[in-house]
Amino acid sequence: MHDALQKEIATYEKRTPKSRAAHEKASSRVPLGVGSNYRYYPPYPIFVRDGHGGYIHDLDGNKYLDHNLCYGALMAGHCHPAVMKAVQERLHLGTLFGMPHGMELELADEICARFPVEMVRFGNSGSEVTMHSLRLARAVTGRGKIVKMEGGYHGGHDAISVSVKPKASQFGDPDHPTPVVSSLGVLKGTSDATLVAPFNNLPALEWLFDQHPGEIAAVIVEPIMMNIALCMPDEGYLQGVREITKRHGAMFIMDEVKTGGKLAYGGACEYFNVKPDILCLGKSIGGGFSLAAFAASRETMDVIATQKMFHAGTYNTNPVVMAAGLATLREVLTHDAFAYVDKLGKKLVDGYNEIIAKTGMAAYTDGAGANGALMFYPKRVRNYRDWYHVDEDVWTHYWFGMVNRGVMAQPYWWDEQWTLSVQHTEKDIDFHLRVFAEIAPSLVAAQQERMTTGVHG
Ligand SMILES: Cc1ncc(COP(=O)(O)O)c(C=O)c1O
């Protein structure tokens, strides 16, 4: 760890003693002291007191411009008035029935108006809907294997807990990655049915189909890989996946849990003009509440309608969350909102790239819709193995440097990206850029020091 980073971490510790104390206490009862492994980072995570609009406060009262936004689940921003109103109006009418109420149809209509799908089933998390979308693909095709991308993340269930963050020593052939189980406890029989392809490599995908004729039920893809920061698909790549899956009788599952509610009005389907067989949605469509969905054509969903495939859940379509989802789609994530956030996003990305060019930083910034990331890598990242070489130490310096000056530039970990919200303003972007410009020279100095000492992430 270089000196300047150590100094930033010391400053962080000085600013956030209440978070440290809260984390120490929480760790005695809650593994890692957090509710989801991603939320832990050393020395300890910031504990949040409240969030409004585009900002949050921590327990010590420090204020942060929030571009974490719950790992991209809040393009609406915190406590959006339209979402709050809808939820408050629903709350006193009962929160949970386990019986239908009519909002299922209303929300399904909204989704079908935006995305190229005909029928929708709802869930509470991205993991749930990717899990059911795989079951759906298996049910429809009668096949067992699935293909996921090396470095792709689709939640915590067994079938996709493979090659999420493999180490270089486990990689195998770049065109034919070795599948690597990513957690203890994953059932071998399940992970064995998962094949792994490199992103942005159509011949490698075709090769897998040739190796396993008639066995692959689905290819699941994040249209922009946002669990390796921000990795755009090459031009025509998604169309290529579409064509290959179709030709081999497999389903193309597009995991739009991150992109669906924050890339464009019609998500990646619209942005890249591509039509998957099964679509997964989550995060931002709920406006801050636990809403997710999987959707497909009437013909595909028929396997559920005829009760050949089982999908259920006590909390599915609970009225509070459905009210939040309806308000979010109808009143918050509008065409105008996407145009507004696109403009902010472009200003932020262009601003970063100007500072990068001016200071000679070995990095670049990329963005799409509400999303963007600073990549400490000399050329455009095209797949997991490129991303693997991002300089972690300099990235960590960047993150703590920004946080210590009031900008939560993105969630902690360099595999994430920033999210902009409809409640952020041009002034917020100016503030963000001022802070980045302030710390940029020290990042460049750290890069130079690491180059001369030969240390690299
Ligand atoms: C692309 C993608 N799919 C699925 C998930 C899982 O969603 P959840 O955390 O709501 O289970 C995530 C979470 O980050 C994700 O980024």
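Two strands count as paired if DSSP finds at least two bridges between them. Strands (E, at least two residues) and helices (H or I, at least four) are DSSP runs, numbered from the N terminus.

## Basis of the model

This is a predicted model, in which local features need pLDDT of at least 70 and side-chain atom pairs count only at pLDDT 80 or more, while totals for chains, interfaces and linings use all residues. Residues are numbered from 1 along each chain as its sequence is written.

## The open sheet

Four strands form an open sheet in the order β1-β2-β3-β13, and the pairing is mixed. β1 (48–52) and β13 (407–408) are the edge strands, each with a single partner, so one side of each has no neighbour in the sheet.

Strand β3 (residues 63–66) and β13 run parallel and are joined by two bridges. Leu 65 stands opposite Val 407 in β13.

The contact between them takes 28 residues from domain 1 and 27 residues from domain 2, where contact means C-beta atoms, placed from the backbone, within 7 Å of each other.

On the side of domain 1 that touches domain 2, α13 (335–359), β11, β12 and α14 (384–387) each supply at least two residues. β12 gives the most to this side, with four residues. The residues of this side of domain 1 divide into 15 nonpolar, eight polar and five charged. In this count Ala, Val, Leu, Ile, Met, Phe, Trp, Tyr, Cys and Pro are nonpolar, Asp, Glu, Lys and Arg are charged, and the others, Gly among them, are polar.

## The β11–β12 hairpin

Strand β11 (residues 364–368) and strand β12 (residues 371–375) run antiparallel and are joined by five bridges. Thr 365 stands opposite Leu 374 in β12. The two strands form a hairpin with two residues between them, and Gly 369 in the turn has a positive phi of about 60°.

Four of the five residues of β11 are buried. A residue is buried if 20 or more other C-beta atoms lie within 10 Å of its own, exposed if 12 or fewer do, and partly exposed in between, with C-beta atoms placed from the backbone.

## The nonpolar core

A nonpolar core is a set of buried Ala, Val, Leu, Ile, Met, Phe, Trp, Tyr and Cys residues joined through C-beta atoms within 7 Å. The largest one here has 131 residues, and Ala 218, Val 219, Ile 253 and Leu 279 have the most contacts inside it. Helix α12 (residues 319–332) gives the most to this core, with eight residues. Domain 1 and domain 2 each contribute at least three residues to this core.

Leaving aside neighbours within four places in sequence, Ile 253 is in contact with Ser 133, Ala 137, Ala 218, Val 219, Ile 220, Pro 276, Asp 277, Ile 278 and Cys 280.

## The ligand shell

The ligand has 14 residues around it, of which Ser 125, Gly 126, Ser 127, Gly 155 and Val 257 come nearest. A residue is near a molecule if its C-beta atom, placed from the backbone, lies within 6 Å of it. Helix α6 (residues 126–141) provides the largest share of the shell, three residues. By class, the shell divides into three nonpolar, eight polar and three charged residues.

## Backbone exceptions

Most residues other than glycine have a negative phi, and most peptide bonds are trans. Leu 69 is not a glycine, yet has a positive phi of about 45°. Leu 69 lies in helix α3 (residues 69–72) and counts as buried, with 29 C-beta neighbours inside 10 Å.

Asn 200 also has a positive phi, near 60°. Asn 200 is placed in the loop between β6 (194–197) and α8 (202–211) and counts as buried, with 20 C-beta neighbours inside 10 Å. A cis peptide bond, with omega about 0°, joins Pro 42 and Pro 43. Pro 43 is in the loop between α2 (17–26) and β1.

## Lys 145

Lys 145 is found in strand β5 (residues 145–149) and is partly exposed, with 19 other C-beta atoms within 10 Å. Leaving aside neighbours within four places in sequence, Lys 145 is in contact with Ala 193, Leu 195, His 212, Glu 215, Ile 216 and Ala 217.

Note on methods: Domain bounds come from an automatic or database domain assignment. Two residues are in contact if their C-beta atoms, placed from the backbone, lie within 7 Å.
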